Amino acid sequence: MKRFIETYEDKKFDVIVIGGGITGASVAYEAASRGLSVALFEKKDFSWATSAATSKMIHGGLRYLANGEFGLVRESLRERRVMENIAPNFVYPMPVMILHRAAPFNNRKWIVKIGMVLYDLLSYDKSFTWDRSKRIPMHRTISKETALLLEPGVPPEGLTGASVYYDCESIFPERLTLGFIKSAVAYGASVSNYCAVEGFITDGKKNVRGVNVRDLFNDKKYFVRGDVTINCAGPWADLVLGMAGSGSNAASLRRSEGIHIITAKKLISGRYTVGAVTHSGRFFLSPWRGHTLIGTTDKPYNGDPDRYRVTKAGIMELIGHVNDAFGEGSLEYADVKHAYGGLRPLVEDQTEETYSSSRKYEIYDNRKDGIEGLVTVEGGKYTTSRNLAEQCVKIIERKLGRKGTRSITKNCYLHGCAIKDIEAFVEQARQDNSGFSAPTVDYLARHYGIEYGEVLKIAREDEELSRSVNTDGEILAQIVYAIRHEMARTLPDILMRRTGMGTLGHPGADLLEKAALIAAGELNWDRGRMEREIASASAMLTLPRE
């Protein structure tokens, strides 16, 4: 997979996609799989912003039932099953335990029971999975005593019981997004990261006929023509619209901040994701790679999205919520190994609090504002991204005057994910590669799917690259693979979005130096560039001081 902009020669495209998060990646894949010529531009790296700032769940949206959004919940549950099918190595059923107390009112056992029954009814097709191990059981309600037996860390005071239901976890959302990017490329899409769209090509009548792009690596500008441009810039969507001079009537975009923290402190058993409902909202504690992932906050953000940063105050606020509702109240800032956050685009303005806002999406044809050739996508979430893309391409085909074609994406594995039985696949991988540790083979088989053998091939060619760097079994060969085959161009790309070497926090100066040396050999960095990359990665992985 190569950055096409480096060899671009004035090709015109049917569709240009702005944004390389899960929404843009899904639209590019859907459009390319229908036979459309597609170019996708991302101003930084794929899945670097909102699509990386998730709770690592593919869920049906249980809480949306409180808003009466049955259609959105049904769509989410259906697409949850589709994700299990098309990305079996990334998406797995996960039991979720919701703790019940008398307050707040909507957390009482009988209130939640109604929601659970509706949730089961709306997910009537959840057993129709290609892999039998992905089938999801019905919910169950358990007593206070059973809840405390299963999760001893739960505070008993005021506990009246718990409900256990299933949603799905995404073990590496950034690589799942990359799976959609790779699928688009497999169908002929041209994609480039680190390409900033800085304006639109127009015909003098405000009709968009392409985009002005700057390659951030060589500062070279390009004029890329296309019949339809799709604005999938997420929290930046309104700023992209501003470049078109639009007084758009698209749904008003608001931004919500979400923060997550990761700690090695054992707060939960590791068998369940545990949800606690408080007066200020809801947060979850999820087992992830031998740690506890906690999130998320949901607060309005009114600043410049390019200036957004996680703050110590934000982390401390989340810690406070956890200590008020869970465990012994002893979680401290020093216990946090890593923190990350991002902005979610919301399309509603009828609620004051972002927590009660929907995660529905809006696909808006800017022709309504007198701008032909531009479509803006706002809102949405991981789970429904594929279906969002399907609806978006219906609009694209109408605008292109094409006869509507049938979507194939819900019936096809993502690129590299053609695995009928994931557990049997992993076991076979272990048997076939006994020269590597079981954790290494398990990790590579799940995170690289049927392409894992290419990573091991690199490791076999250089013994140093076969060295394990963490308890998950990740190896240095992944760095080489990320650069040669997955368009990684910076150290943060490698550590955070192609491998998990940095996603549990700062991995240590030695690993940063080693990773930078390997990247320098592949990308021809000089010592100055190496030091800048190390400094950038280290700063990103250091917890904020204020």
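This is a predicted model: local features need pLDDT of at least 70, side-chain atom pairs count only at pLDDT 80 or more; totals for chains, interfaces and linings use all residues.
Figure 1. Two polar partners are shown. The side chain of Asp 120 makes a polar contact with the side chain of Lys 126 at 2.9 Å. The backbone oxygen of Pro 137 is reached by the lysine side chain at 3.4 Å. Leaving aside residues up to four places away in sequence, Lys 126 touches Arg 80, Arg 81, Asp 120, Arg 135, Ile 136, Pro 137 and Met 138.

**Figure 2. The largest cavity of the model and its lining.** The whole structure holds 4 cavities of 30 Å³ or more. About 80 Å³ of space lies in the largest cavity. Its lining consists of 13 residues, and those nearest the centre are Phe 90, Arg 175, Lys 182, His 415 and His 447. Two or more lining residues are given by each of the elements α5 (173-186) and α10 (438-448). The largest share, 4 residues, comes from α5.

**Figure 3. The helix α15, its N-terminal cap and its buried face.** The 14 residues of α15 reach 20 Å from the first C-alpha to the last, close to the 20 Å expected at 1.5 Å a residue. Buried positions in α15 are Met 530, Glu 533, Ile 534 and Ala 537. Viewed down the helix axis, these buried residues fall within an arc of 100°, so they line one face of α15. Arg 532 and Ala 539 are exposed on the other side of the helix. The cover over the buried residues includes α13 (491-498) and α14. At the N-terminal end, α15 is capped by Asp 526, with a side-chain oxygen of this residue 3.2 Å from the backbone nitrogen of Gly 528.

**Figure 4. Asn 524, a residue with positive phi between two helices.** Most residues other than glycine have a negative phi. Asn 524 is not a glycine, yet its phi is positive, near 60°. This asparagine is placed in the loop between α14 (509-523) and α15 (527-540). Its relative accessibility is 69%, and Asn 524 therefore counts as exposed.

**Figure 5. Tyr 194, a residue with positive phi between two strands.** The phi of Tyr 194 is about 55°, a positive value although the residue is not a glycine. Tyr 194 is found in the loop that lies between β7 (190-192) and β8 (195-202). This tyrosine counts as buried because its relative accessibility is 11%.

**Figure 6. The cis peptide bond from Gly 295 to Thr 296.** Most peptide bonds are trans. The bond from Gly 295 to Thr 296 is instead cis, and its omega is near 5°. Thr 296 lies in the loop between β14 (291-295) and β15 (299-301).

Conventions
Residues are numbered from 1 along each chain as its sequence is written. Side-chain values use heavy atoms; hydrogens and water are left out. Buried means under 20% relative accessible area, exposed over 50%, partly exposed in between (1.4 Å probe, protein chains only). The expected span of a helix is 1.5 Å times one less than its number of residues. The arc is that of the directions from the helix axis to the C-beta atoms. Contact means heavy atoms within 4.5 Å. A polar contact is a pair of N or O atoms within 3.5 Å; within protein, one must be able to donate a hydrogen and the other to accept it, and residues adjacent in sequence count only if both atoms are side-chain atoms. On a 1 Å grid over the protein atoms alone, a cavity is a set of points where a 1.4 Å probe fits but cannot get out, and a pocket is an open set with protein on both sides within 12 Å along at least five of seven lines; lining residues have an atom within 4 Å of a point. Grid points are joined across faces, edges and corners, and a volume is the space filled by probe spheres set on the points.
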